[in-house]
Amino acid sequence: MPLSMINTGEMKKVVKINGNDNTRRFLENLGFVEGSEVVVISEIAGNLIVNIKDTRVAIDKSMANRIIV
């Protein structure tokens, strides 16, 4: 299921990153690698604030749809 479908406060593990090489590399640099745990802190108008590797990151819905948990 994509990261955008997770409820606030739920902890999940990243299973796969979809997209082209540049997109995958960008998300990996933010900490979204397979096996890492991610928690959705809040959602505002489809944009997510997530906690990954003890860092808060804001991503838009299109990027969140590429992260499979």
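Which residues have the most contacts inside the largest nonpolar core?

1. Basis. This is a predicted model, in which local features need pLDDT of at least 70 and side-chain atom pairs count only at pLDDT 80 or more, while totals for chains, interfaces and linings use all residues. Residues are numbered from 1 along each chain as its sequence is written, and side-chain values use heavy atoms, with hydrogens and water left out.

2. Core. The residues in question are Leu3, Phe32, Val38, Leu48, Val50, Ile59 and Ile67, within a largest nonpolar core of 17 residues. A nonpolar core is a set of buried Ala, Val, Leu, Ile, Met, Phe, Trp, Tyr and Cys residues joined through side-chain atoms within 4.5 Å. Two or more residues of this core come from each of strand E3 (37-44), strand E4 (47-52), strand E5 (55-59) and helix H2 (61-66); E4 gives the largest share, 3 residues. Helices (H or I, at least four residues) and strands (E, at least two) are DSSP runs, numbered from the N terminus.

3. Strand E4. Buried means under 20% relative accessible area, exposed over 50%, and partly exposed in between (1.4 Å probe, protein chains only). In a regular strand the side chains alternate between the two faces of the sheet.

4. Pairing. E3 and E4 are antiparallel over 6 bridges, with valine 39 opposite asparagine 51 in E4. E4 and E5 are also antiparallel, over 5 bridges, and leucine 48 stands opposite isoleucine 59 in E5. Strands pair if DSSP finds at least two bridges between them.

5. Turns. The hairpin of E3 and E4 has 2 residues between the strands, and alanine 45 in the turn has a positive phi of about 55°. In the hairpin of E4 and E5, again with 2 residues between the strands, lysine 53 has a positive phi of about 50°.

6. Glutamate 10. This residue lies in the segment before strand E1 (11-13) and counts as partly exposed because its relative accessibility is 29%. Not counting residues up to four places away in sequence, glutamate 10 touches Val38, Val39 and Val40 (contact: heavy atoms within 4.5 Å).

7. Threonine 23. Located in helix H1 (residues 21-30), threonine 23 counts as buried because its relative accessibility is 12%. Beyond four places in sequence, threonine 23 touches Asn18, Met63 and Arg66.
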